[in-house]
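Work through these exercises with the model in view. Try each task before you read its solution.

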Amino acid sequence: MATTETSPATAAKSTSSQGSLEIRDTRTGKSYNVPVATEGVEGDTFVKAMELRPIKQSDDEFGLLSYDPAFMNTASCKSAITFIDGDKGILRYRGYPIEQLAEGATFLEVAWLLRKGELPSAPEYKQFVHDVTYHTYVHKNIERFLEGFRYDAHPMSMLLSSVGALSSFYPQAHRISDPEQRNIEIIRLIAKVPTIAAFILRHMRGLPFVYPDNDLSYTENFLSMCFRMTEPRYKASETFKRALDILFILHADHEQNASTSAVRAIGSTQVDPYSAIAGGIAALFGPLHGGANEQVLVMLNQIGTKSKVNQFVDDVKSGKGKLMGFGHRVYKNYDPRARIVKKLADQVLAETGSDEDLEIAMELEKIALSDEYFVKRKLYPNVDFYTGLIYRAMGFPTEYFTVLFAIARTAGWLSQWEEMLLDKDQKIARPRQIYIGPGERKYNSKLNGK
Ligand code: SDX
């Protein structure tokens, strides 16, 4: 699988072993020595699951498996891209704290950082922006493909289908071990996903497609393709432009979340990147993952007024549904992205006028952060809790919010995809299982029965 280049992951600090586990199998009386390894600047410690395989009662046994549904305690890869400390609420891209990147970087600067491992120099950045800018057009047939959808088709269905269809326009994209080919496909995807996303919004609204404007920045060009009407050149609000660029930065990567794991597993079969990213979009669509930002607005609308928040919280605590936008598999503290988004919401809504949903959201947060049910389960606002309020204030429909998440996460998915391809430890993803079905039995059809 791996090609000749060395990915930043394998170039990271080498493994140092610090002791071992002594496993005594009381079934056989045998003892096993399993080395404990420590790796990376954060000192992650692990044992290799394959070290369990020799533990068996007899030679004809398969050997000991580790059972870990939903991978609650399984590292599927080594990665140098994103670091999260869920207890401390830390998120860093290639070592840079998310707060600093949100403050000073542009989304394309972060997209480069995620993939290359270092911030771009001025000439590198200029060339990258040029390359992305001049790959924003999509084949006319994609427009016709989109016109085949009903106007009220879910935009995430349209996005995952269209991005998957892109692979048919670039048959050479399957040459994934060719660095030059990978490079152009990565640029094409970062450039074309916003164009397709904007075309989808126009299709939903029955408006003509607006083509890319190469004189605009990445984010302003996306807003132009979404909202330009008859004016010769679209002028985005400075607040919206900066807020959306920051939101793209916040959503760009998040280590081995469900959609990234899906992209890695699909990519491990050596399929082209368009197909792998389409799989990531499909995973992100789920309401427990990227679809949560849409569900937060649905929830706020269901609550209706601030006065009904307490009743809603009581319903959640009695098991009637979830507090969407709260909780996280990794963060057992405030999601650092949610803090930044909340500040952005204040800025954007100051320009567009606050709305009652923000009041309801803030009341929900206030109650949840002091309520034992949520505190005990370490449920804090995650990145999705406030983003929907900003997107709606910018004029995006609720069902479109996850498309915005996908535009940003495309940069992270591609960086993780390439890191997987270059990682010498990796091969086609194929987990084992614990078989709990029936033992062998004789086929005796029931079709002739009465
Ligand atoms: C994203 O992985 C990532 O990094 C994802 C992401 C990224 O950038 O890629 O950060 C983006 O997907 C953010 C998460 C968006 N999803 C939501 O906001 C949906 C609501 N949240 C939950 O569904 C839940 O918190 C998850 C899915 C996010 C995490 O689920 P876990 O880790 O599997 O936790 P769990 O479901 O086992 O919950 C533990 C307990 C349970 O209670 P008990 O059974 O112990 O009594 O907490 C409860 C859950 O019922 N719980 C909630 C809750 N989330 C968990 N109860 C009410 N409301 C919630 N939101």
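**Exercise 1. Find how α7 and α11 are oriented to each other.**

Step 1. Locate the helices: α7 covers residues 179-204 and α11 covers residues 273-284. Helices (H or I, at least four residues) and strands (E, at least two) are DSSP runs, numbered from the N terminus. The model is predicted: local features need pLDDT of at least 70, side-chain atom pairs count only at pLDDT 80 or more, and totals for chains, interfaces and linings use all residues. Residues are numbered from 1 along each chain as its sequence is written, and side-chain values use heavy atoms, with hydrogens and water left out.

Step 2. Take the angle and distance. The two axes come within 10 Å and cross at roughly 40 degrees. Axes are lines fitted to C-alpha atoms, for helices over the stretch in contact, and angles run from 0 to 180 degrees between N-to-C directions.

Step 3. Classify. α7 and α11 are therefore oblique to each other. (Under 35 degrees is roughly parallel, over 145 roughly antiparallel, 65 to 115 roughly perpendicular, and the rest oblique.)

Step 4. The crossing of α7 past α11 is right-handed. (Left-handed means that the near helix is turned anticlockwise from the far one by less than a right angle; right-handed means clockwise.)

Step 5. List the contact, meaning heavy atoms within 4.5 Å. On α7, Glu185, Arg188 and Leu189 meet Pro273, Tyr274 and Ile277 of α11. These contact residues comprise four nonpolar, no polar and two charged. (Ala, Val, Leu, Ile, Met, Phe, Trp, Tyr, Cys and Pro count as nonpolar, Asp, Glu, Lys and Arg as charged, and the others, Gly among them, as polar.)

**Exercise 2. Describe how α4 passes α7.**

Step 1. α4 spans residues 122-133, and its axis comes within 8 Å of that of α7. The axes cross at roughly 65 degrees.

Step 2. The crossing is right-handed.

Step 3. Phe128, Asp131 and Val132 of α4 make the contact with Ile187, Ile190 and Ala191 of α7. Five of the contact residues are nonpolar, none polar and one charged.

**Exercise 3. Which residues line the largest cavity?**

Step 1. Search the whole structure: one cavity of 30 Å³ or more turns up. On a 1 Å grid over the protein atoms alone, a cavity is a set of points where a 1.4 Å probe fits but cannot get out, and a pocket is an open set with protein on both sides within 12 Å along at least five of seven lines; lining residues have an atom within 4 Å of a point.

Step 2. The largest cavity has a volume of about 30 Å³. (Grid points are joined across faces, edges and corners, and a volume is the space filled by probe spheres set on the points.)

Step 3. The lining is Ala111, Trp112, Arg115, Lys116, Phe128, Ile186 and Ile190. α3 (107-116) and α7 each give two or more residues. α3 gives the most, four residues.

Step 4. By class, this lining has five nonpolar, no polar and two charged residues.

**Exercise 4. Which element gives the largest share of the lining of the second largest pocket?**

Step 1. This pocket has a volume of about 340 Å³. Of its 18 lining residues, Glu99, Ala102, Glu103, Ile340 and Lys343 are the closest to its centre.

Step 2. Elements giving two or more residues are α2 (98-104), α9 (238-250) and α14 (336-352). α14 gives the largest share, six residues.

Step 3. The lining has seven nonpolar, four polar and seven charged residues.

**Exercise 5. Where are alanine 70 and glutamate 255 found?**

Step 1. Alanine 70 is in the loop between β3 (44-46) and β4 (82-85). Its phi is positive, about 65 degrees, although it is not a glycine.

Step 2. Glutamate 255 lies in the loop between α9 and α10 (258-267). Glutamate 255 has a positive phi of about 45 degrees, and it is not a glycine either.
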